[in-house]
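Q: Could you walk me through this one slowly, and spell out the terms as we go?

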Amino acid sequence: MKTELREVKMDVSEIKETEPLLSIQDLHVWYELRRFGFGHAGYVKAVDGVSFDLEEGETVAVVGESGCGKSSLMKTILGLNIPTSGEVTFDGDHLSELKGDGIRHYRFKVGYVQQDPYGALPPFMNVQRILEEPLLISGMKDKEERLARIHKVMTEVKMHPVDDFLQKFPHMLSGGQQQRVVIARAMLREPKLIVADEPVSMLDASVRVEILKLLRALQQSHGLSVIYITHDLSTVKYFSKRIFVMYAGNLIEKADTRRLLDNPLHPYTHALLAATSDPDAHNADTFKEVPPGEPPSLVNPPTGCRFHPRCPHFMAGLCDVKFPPDFEPEPEHFVACWLYDNNRVERSDERSSRSEDEARV
Ligand SMILES: Nc1ncnc2c1ncn2[C@@H]1O[C@H](COP(=O)(O)OP(=O)(O)OP(=O)(O)O)[C@@H](O)[C@H]1O
Ligand code: SF4
Ligand SMILES: [Mg+2]
């Protein structure tokens, strides 16, 4: 009897340990298009069947060209977009079931670092007010406590002496300093997850690396999970453990960062890597070609594999007909491309040995 009880206890703790912090299941985010503001004219399928898990303390980068759905995915995780279908589960809570206070507390646990720091900061508030506001909303009534918290995060984002910055308005700060205030605001309520949507793309090359290093230091010292959105693969090495490559609303390749950079599998990832520049200003002249062709329409995406009109390995009758599922040619390296379908290779081997036999007869 005692043995049975011990066995049950072990099972429960094992389940708890493997529960991800964030789980996205078959997420679709479609925006409705209306003709002259009335009649239905289709949908922009910005996110179209995305699934992944994120562990506590894990960092992932979502990379892809402009318009592929990165921000739509993130806004849905932040609770700013309502998904058309699918499920977002965070820390054991289904986002779709949260209401009122539940949503408020969820927002405390997820910090948001926007692309445009100037647009993200209210121009009529000074830094102190900008940072006090979220603390007031979260119920921190004591002014001393609020100021102590603000000093702590401002020191963490390396804006010192803190008092010199508190009375400044956003227009009095440089782009890099504005982004540090945005990061401080995201850290105020001790989040478990930071969503950073192109946090350095609007900054000078000289401060990009500094901001990425700051995010990395905060991630490590607080054990944060981070989702880092970018269209530039060269910056992901700064802090992502895994990379998800997004194309036209789908995640088409998912792997450990080193593995994906050393051995990219999807033809689109190859094109993206070829187009990669280095964020280091010294290497600014290493810009290469962008992936050939235009990103597809998300209203009427191409049939089958959405990359097929641009793909150098396109196989007529397959790639333009059937949507490729995720294949796993090496452990934990997923790729949605028919080139990695072992059954297809076996079938074509069978076909060629049949035709060789027929030729011999
Ligand atoms: N609120 C909206 N209503 C209608 N369409 C939208 C809306 N928001 C985004 N879209 C469309 O959804 C698609 C994906 O947009 P999204 O902003 O998610 O892409 P992105 O990958 O973040 O692009 P970028 O790199 O330029 O920021 C685009 O075609 C965009 O025009
Ligand atoms: S599925 Fe076909 S078209 Fe799509 S990336 Fe692979 S080879 Fe290219
Ligand atoms: Mg975006």
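Q: Which element gives the largest share of the shell around ligand 1?
A: The largest share comes from α2, with three residues, where helices (H or I, at least four residues) and strands (E, at least two) are DSSP runs, numbered from the N terminus. This is a predicted model, in which local features need pLDDT of at least 70 and side-chain atom pairs count only at pLDDT 80 or more, while totals for chains, interfaces and linings use all residues. Residues are numbered from 1 along each chain as its sequence is written, and chains are lettered from A and ligands numbered from 1 in the order in which they are written.

Q: And which residues come nearest to ligand 1?
A: Of the 13 residues around ligand 1, the nearest are Tyr31, Ser66, Lys70, Ser71 and Ser72; a residue is near a molecule if its C-beta atom, placed from the backbone, lies within 6 Å of it. The elements that give two or more residues to this shell are β2 (39-54) and α2 (70-77).

Q: How do the residues of that shell divide?
A: The shell around ligand 1 has five nonpolar, seven polar and one charged, where Ala, Val, Leu, Ile, Met, Phe, Trp, Tyr, Cys and Pro count as nonpolar, Asp, Glu, Lys and Arg as charged, and the others, Gly among them, as polar.

Q: What about ligand 2, which residues are closest there?
A: Ligand 2 is surrounded by 14 residues, and the closest are Cys305, His308, Cys311, Cys319 and Cys337. The shell around ligand 2 divides into 11 nonpolar, three polar and no charged residues.

Q: Back to α2, which strands does it lie across?
A: Helix α2 lies across β1 (22-35), β2 and β4, and runs at about 70° to β2. Axes are lines fitted to C-alpha atoms, for helices over the stretch in contact, and angles run from 0 to 180 degrees between N-to-C directions.

Q: What is the order of the strands in the open sheet?
A: The open sheet of four strands has the order β2-β1-β4-β5, with antiparallel pairing; two strands pair if DSSP finds at least two bridges between them. The edges are β2 and β5 (93-94), each with a single partner strand, so one side of each is left without a neighbour in the sheet. Strand β4 (residues 85-90) is joined to β5 by two bridges, and threonine 89 has histidine 94 in β5 as its bridge partner.

Q: Changing topic, at what angle do α8 and α9 cross?
A: The axes of helix α8 (residues 175-187) and helix α9 (residues 205-222) cross at roughly 15° and come within 10 Å. That makes α8 roughly parallel to α9, since angles under 35 degrees count as roughly parallel, over 145 as roughly antiparallel, 65 to 115 as roughly perpendicular and the rest as oblique.

Q: Which residues of α8 and α9 meet?
A: Gly175, Gly176, Gln179, Ile183 and Met187 in α8 meet Val207, Glu210, Ile211, Leu214, Leu215 and Leu218 in α9, where contact requires that the C-beta atoms, placed from the backbone, lie within 7 Å. The residues of this contact divide into seven nonpolar, three polar and one charged.

Technical notes:
Two residues are in contact if their C-beta atoms, placed from the backbone, lie within 7 Å.
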